[in-house]
Amino acid sequence: NNILRKRGEIFICIILLAELIANGSMSVRDRALIEQKAKESMNYFDASQNLIQYLEENDTEFYRINKKYAQTELNDSMIQHYRGEKFYSSILTQSYWKMQELFDLRIKFSNYFYGFDDKQFLRDINCGKYMFTSRDREYYGYEKVYEYNGRYLYKNLNVLGSGFLYDNFISESDYSNISSLQKQDIPYSAVIIGDEDIDKVSNKIDTKQEYTSTKLLPVDCKMLADQGGITISLGNNNKKALVLEIMGNKDEIVEGNLYTSVKGDDFNTDEFIPVAIDSTAPKYYNIIDLNVEQIRLAIVPDSVSNICIYEKDSTQIEDKIKEKANNGMNIVRWSDEYMKGNIELNKASILYIPIVYDAKWKAYINGVQSDIIRANGGFCSIVLPAGNNNIELVYQNTGFMIGAIISIITAVIIIVLFYWQRRKIYRIWEKTNYEKSSLN
């Protein structure tokens, strides 16, 4: 009896462990969401909650939010129902790692995805429509639309829609070989496709041939180094986005943070840009703050070999954005696990959808299942033919079904074991009573 009981306990523990693994994958890795009202104790839900409510009442489209302050909040994305940039998971999916590698996003091995950092082009193409800040400032390409109790909501004027078209593509291997400056402009005109998927698009879509860079205009500045870092004082107030060019002199990666201040404003440590440099190539960091008076680099001064400040002439980029923004998918309905839309095309194109790539997403074009191709590091794209296209994206979470099946099997086994054990005890009782009656 003891042996059977132990075997039964071990068997049940194995089943329960499998169930926990399946449901754990669903809740941690997949699209399980944190309800806003249930998390009011979190630091996120200060005046930020009022900004969220304002957006929910005034914007029913799909959008992504860049919350610049409270950088340590781990679950912005799930709290915002996958509208946030930052994301935490006990096991980040390959899409996040690929994205960080491709775009040089904060070099740090962590399960916390820090968002798009200074890469404004990633916000423009990935529906980064809004920004939350703790400072009332002017930002290039943004307008202030709402404020509440020291928290400010800005709208990105250069954001592209939640489904827009690419006529050209570039392979990830080719993308890795172009200059850092060109890398920041390419995603506005050509989608980046993984080398393993080139065959799926090359016979229908043209390859990007020419690579241009946004013009950079030098800015006068003075630099002062101390033990804590480097302070850069600007000679003129910038009216365009700034670009910081920085080169390291050490072979290993040196990390630090970049802070800005405007006239009459101190450096705010709540909002910063992570910096990681080495001696292999210069790095370019975009600063969208306008009227910047000083820049503070909290980095070891003797690890830096060269620093330059530029203003960015984004006229060409703005023209490309206007062209693409007027030629996107008409979204009829969407939720966290479903999207439906339509678009009519004169020629075959790649539809780019700024949802993080996951094999559980399934695409249907005019009712026929179609391949979802990983694009721009870790997002979704679909090759569409010429003509009218009705598109559906469905997230099929197999983890929940597996967990439900295991739960049912576990319940059946427990019920069977219970009745089997009960019947066994009843037989022993009958046998004992029979033996007693025989002796009498």
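In this predicted model, strand β16 (residues 273-277) is largely enclosed by the rest of the structure, because five of its five residues are buried. Buried denotes under 20% relative accessible area, exposed over 50%, and partly exposed the range in between, with a 1.4 Å probe and protein chains only. Helices (H or I, at least four residues) and strands (E, at least two) are DSSP runs, numbered from the N terminus. In a regular strand the side chains alternate between the two faces of the sheet. In β16, I273, V275 and I277 are buried on one side, and P274 and A276 are buried on the other. Strand β15 (residues 254-262) runs antiparallel to β16 and is joined to it by five bridges; L258 has I273 of β16 as its bridge partner. Two strands count as paired if DSSP finds at least two bridges between them.

Residues are numbered from 1 along each chain as its sequence is written. The model being predicted, local features need pLDDT of at least 70 and side-chain atom pairs count only at pLDDT 80 or more, while totals for chains, interfaces and linings use all residues; side-chain values use heavy atoms, with hydrogens and water left out.

Helix α2 (residues 48-58) has S48, Q49, L51, I52 and L55 buried. These buried residues line one face of the helix, because they fall within an arc of 160° when seen down the axis of α2; the arc is that of the directions from the helix axis to the C-beta atoms. E57 and N58, on the other side of α2, are exposed. The elements covering the buried residues of α2 include β1 (65-67), β4 (130-133), β5 (142-148) and β6 (151-156), where contact means heavy atoms within 4.5 Å.

Rings of Phe, Tyr and Trp (its six-membered ring) are paired if their centres lie within 6.5 Å; planes under 30 degrees apart are stacked, over 60 edge-to-face, and the rest tilted. Twelve aromatic pairs are counted by this rule. The F103 and F121 rings, with centres 5.6 Å apart and planes at 70°, are therefore edge-to-face. This pair links distant parts of the chain, 18 residues apart: F103 lies in helix α4 (residues 94-103) and F121 in helix α5 (residues 120-125). F103 and F121 are both buried. One aromatic cluster is formed by F164, Y166, Y352 and F379.
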